[in-house]
Amino acid sequence: MRIHWVVFLAGQLAWAGVKAQPPQADVSFETARMLALHQHYQSVAALSAQGRLVEAEAELRVIVSTCREVFGKEHPDTLTSRSDLAATLAGAGKYAEAEKENRAVLIIRQRVLGKEHPDTLLSRNNLAATLQEQGRHAEAVREYRAVLEVRQRVLGEEHSDTLDSRNNLATALNDMGRHAEAEKEHRAVLGLRERQLGVKHPKTLASRNNLAAVLQEQERHAEAEQEHRKVLALREKVLGAKHADVFMSSFNLALCLEAQAKHKEALVFMQRAGAGFKKSLGESHPYTQAAEECRVRIAAGIKK
């Protein structure tokens, strides 16, 4: 297992309901309720940013229920809250639940907004990501290609959303074993992101991480190690030593070192990744479990 970077996209609630009350409604009461709901959502965003996904999931379920009551089942804010819940479920490793929620939201958005609306494409992207995380790579590639085709045509080749789609498609191609195609895409996206965003931007670093993963799959371990070390150093500098992306880089670098029989150094980075995943994601998260399995394997390799 190698942790690449797939872009799950969450929406931002507009709270249009504040302006949509009928004349007979108690406007002050409804406004207060909308403000409370907005504040609730902001607190959930803070929980997600801190990696407290279990708490964020519980709060988002309350928000989804409230949005259904206040706005209705098909209101954009209700669908956005459901999309955010799906992204949180995926972040917690609950991919089957996330898939179910993304499919439900996608069906409504296609009917209400149309197949090429940005929110519809967002749902389709997130559905593809959950398929990919479950190892259903051919399905994921099909969905990513469909989203990419629309974004290229509507937004242009260098739009941020288009580059996100190219990145995601490349990760799925790599998972399918189509490494040459994936490398070409990742290098192209990396070049554009470096020019548009700079070398330290999180999305630029994500592209460099994914390029390293492709190189590693092709057993070009020395090149991959160099890229992983660059990403780890920059993520530590930009995001801080305790950020989830730093733990991901530690995990990937550890695997790369293990592949080169650098077991002692690999163990140090894998232990760091495992401890970070356990604290931020919990013991049952797939990343935490994978890190522990890898730690045991690397430690056994040292004893041989």
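Predicted model: local features only at pLDDT ≥ 70, side-chain atom pairs only at ≥ 80, totals over all residues.

Biologist: Fine. How are helix 11 and helix 13 oriented to each other?

Modeller: Helix 11 covers residues 244-259 and helix 13 covers residues 286-303, and their axes sit 11 Å apart. The angle between them is about 30°. Angles under 35 degrees count as roughly parallel, so helix 11 and helix 13 are roughly parallel.

Biologist: And which hand does the crossing of helix 11 and helix 13 have?

Modeller: The crossing of these two helices is left-handed.
On the helix 11 side the contact uses Met-248, Phe-251, Leu-255 and Glu-258, while helix 13 brings residues including Tyr-287, Cys-294 and Arg-297. To end on what you asked, the hand of the crossing is left-handed.

Biologist: By class, how many residues of each kind does that contact have?

Modeller: Glu-258 of helix 11 and Arg-297 of helix 13 both take part in the contact, and Glu and Arg count as charged. By class, the contact of helix 11 with helix 13 has no polar residues, 2 charged and 8 nonpolar.

Biologist: On to the rings. Is the pair of Phe-247 and Phe-277 stacked or edge-to-face?

Modeller: The ring centres of Phe-247 and Phe-277 are 6.4 Å apart, with 80° between the planes. Planes over 60 degrees apart go in one class, so Phe-247 and Phe-277 are edge-to-face.

Biologist: Which helices does that pair tie together?

Modeller: Phe-247 is buried at 8% relative accessible area, and Phe-277 is buried at 1%. The two are 30 residues apart in sequence.

Biologist: Which residues do ring pairs link into a cluster?

Modeller: The count comes to 3 aromatic pairs. One of them is Phe-251 with Phe-277, centres 6.2 Å apart and planes at 55°, so that pair is tilted. Ring pairs link up a cluster made of Phe-247, Phe-251, Phe-277 and Tyr-287.

Biologist: Last one: leaving aside neighbours within four places in sequence, what is Ala-212 in contact with?

Modeller: Ala-212 lies in helix 9 (residues 202-217) and is buried, with a relative accessible area of 0%. Its C-alpha is 8.3 Å from that of Gln-226, 14 residues away in sequence. With neighbours within four places left aside, Ala-212 is in contact with Ala-224, Glu-227 and His-228.

Key:
Residues numbered from 1 in each chain as written. Heavy atoms only, no water. Axes fitted to C-alpha atoms, helices over the stretch in contact; angles between N-to-C directions. Helix = DSSP H or I, 4+ residues; strand = E, 2+ residues; numbered from the N terminus. Parallel < 35°, antiparallel > 145°, perpendicular 65-115°, else oblique. Left-handed = near helix turned anticlockwise from the far one by under 90°. Contact = heavy atoms within 4.5 Å. Phe/Tyr/Trp six-rings, centres within 6.5 Å; stacked < 30°, edge-to-face > 60°. Buried < 20%, exposed > 50% of the residue type's maximum accessible area, 1.4 Å probe, protein only.
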